[in-house]
Amino acid sequence: MERQWFLESIAADGSHFTYPITPLPFRIGRDAKNDLVLASRGLSRNHALMTADISGRLRLTDLNSTNGSFVGRRRIEGSCLLDENDIVHFGTAEFRVRMRALDQTRIDQMGTMLVPNGLALSELFVPNEPEFLDLLDGEGVSGAAQPIVDSISRKTVAYELLGRANHPRLPSAPIRLFSLATALDREVELSVAFRRFSLAEIAPRLPGFPLFANTHPKETFSREFFASLVHLRRHQPELDLVIEIHETAVTETARLIDLAARFRDIGVRFAYDDFGAGQARLSELGEAPAHFVKFDMGLLHDIHLAGDRKRRVVSDLVKLVLDLGSVPLAEGIELEAEAEICRDMGFRLIQGFLTGKPIPFERL
């Protein structure tokens, strides 16, 4: 069954209007090139962006708009994850985030009609499912490594391991592969396949470097995940591994404290990923400090153009991270001006296209 996210608005006369959130990424603003163009004085030309998140939810990023983007009437800084029925404002324009499932029965009952934009025919079988299952078995799995550099010297000090697909009938981008995995309820298996490949094929090419490896929120607290780490430490004791914890996995402080203790016992370090996206997770950060804190790229996008308020918020978060003994890392940095602001704020590490694009494992 296919699911479709959409925005719902209510006109002055009480009429309801819906806007399918497709294709992703989905751009909102006054400029005619956006996917949703709103002639509202409160909107910037390029106001906000919606993208798919690895967790299967939508991520809303404010593009440093003048009047801001709000979720539940609270202004967001950077980006946050959305849930169904969230109330969002772009400037003064109000919408509700909705999701509907389009099944064959419903379409059969529609009769003859003009199909509006965004309403596609249902797909009872996931396209390319056989090829995807082959990928989970290791066929066509590939990967890359992106440098993480010192914010001052720009010397490479670590790498993040990234999963890819090298299959002619499958997308190569991880987010599209995870969308396919979500439709099949195989997200954990895809995460494991990527990590297995990276540690077997990429790690030996980068001896001596700390390696950051991603996890899917569904596997973070699983017994199988910890067993795989124990097995890894036993067979690759020299590996300096940093496990990245996705924001959506951080739900209970007590479980996170236990997680940090188990990582310590196994002998691996960990990082909070997408810090500042939606919730700053200050309670968890204080109770279970991570070795590294990766600030959400939406929070740092065009930070050199942001107002004093936003810069002050980010700067205070960086100081807090440093005071707790963690290493702040700025993600998604593409411009020299962004890097300079991050360095001045106290970021120790930088990752992004400015300092190094992902390197296919064959070229390492």
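In this predicted model, the side chain of Asn214 makes a polar contact with the side chain of Glu160, at 2.9 Å. A polar atom of the Asn214 side chain also lies 3.5 Å from the backbone oxygen of Leu161. Asn214 belongs to strand S14, which spans residues 211-214. Beyond its neighbours within four places in sequence, Asn214 is in contact with Glu160, Leu161, Leu162, Ser191, Arg195, Glu244 and Asp273. Asp273 is 59 residues away from Asn214 in sequence. In space, the C-alpha atoms of Asn214 and Asp273 are 8.9 Å apart.

Two of the contacts of Asn214, Ser191 and Arg195, fall within the residue range of helix H4, 187-202. Helix H4 packs in turn with helix H2. The axes of H2 and H4 are 9 Å apart, at an angle of about 50 degrees. H2 is therefore oblique to H4. On the H2 side, the contact is made by Phe132, Leu135 and Leu136. H4 contributes Glu189, Leu190 and Ala193. By class, this contact has 5 nonpolar residues and 1 charged residue, with no polar ones.

Helix H2 (residues 129-136) also meets helix H3 (residues 174-184). Their axes come within 11 Å and cross at roughly 105 degrees. This angle falls in the range of 65 to 115 degrees, so H2 is roughly perpendicular to H3. Glu129, Phe132 and Leu135 of H2 make the contact with Leu177, Leu180, Ala181 and Leu184 of H3. The contact of H2 with H3 has 6 nonpolar residues, 1 charged residue and no polar residues. Phe132 and Leu135 of H2 take part in the contact with H3 and in the contact with H4.

Elsewhere, 5 strands form an open sheet. Their order is S4-S3-S5-S6-S9, and the pairing is mixed. Strands S4 (36-37) and S9 (79-82) stand at the edges. Each has a single partner strand, so one side of each is left without a neighbour in the sheet. Gly29 has Val37 of S4 as its bridge partner.

Definitions and conventions: Residues are numbered from 1 along each chain as its sequence is written. This is a predicted model: local features need pLDDT of at least 70, side-chain atom pairs count only at pLDDT 80 or more; totals for chains, interfaces and linings use all residues. Side-chain values use heavy atoms; hydrogens and water are left out. Axes are lines fitted to C-alpha atoms, for helices over the stretch in contact, and angles run from 0 to 180 degrees between N-to-C directions. Helices (H or I, at least four residues) and strands (E, at least two) are DSSP runs, numbered from the N terminus. Angles under 35 degrees count as roughly parallel, over 145 as roughly antiparallel, 65 to 115 as roughly perpendicular and the rest as oblique. Contact means heavy atoms within 4.5 Å. Ala, Val, Leu, Ile, Met, Phe, Trp, Tyr, Cys and Pro count as nonpolar, Asp, Glu, Lys and Arg as charged, and the others, Gly among them, as polar. Two strands pair if DSSP finds at least two bridges between them. A polar contact is a pair of N or O atoms within 3.5 Å; within protein, one must be able to donate a hydrogen and the other to accept it, and residues adjacent in sequence count only if both atoms are side-chain atoms.
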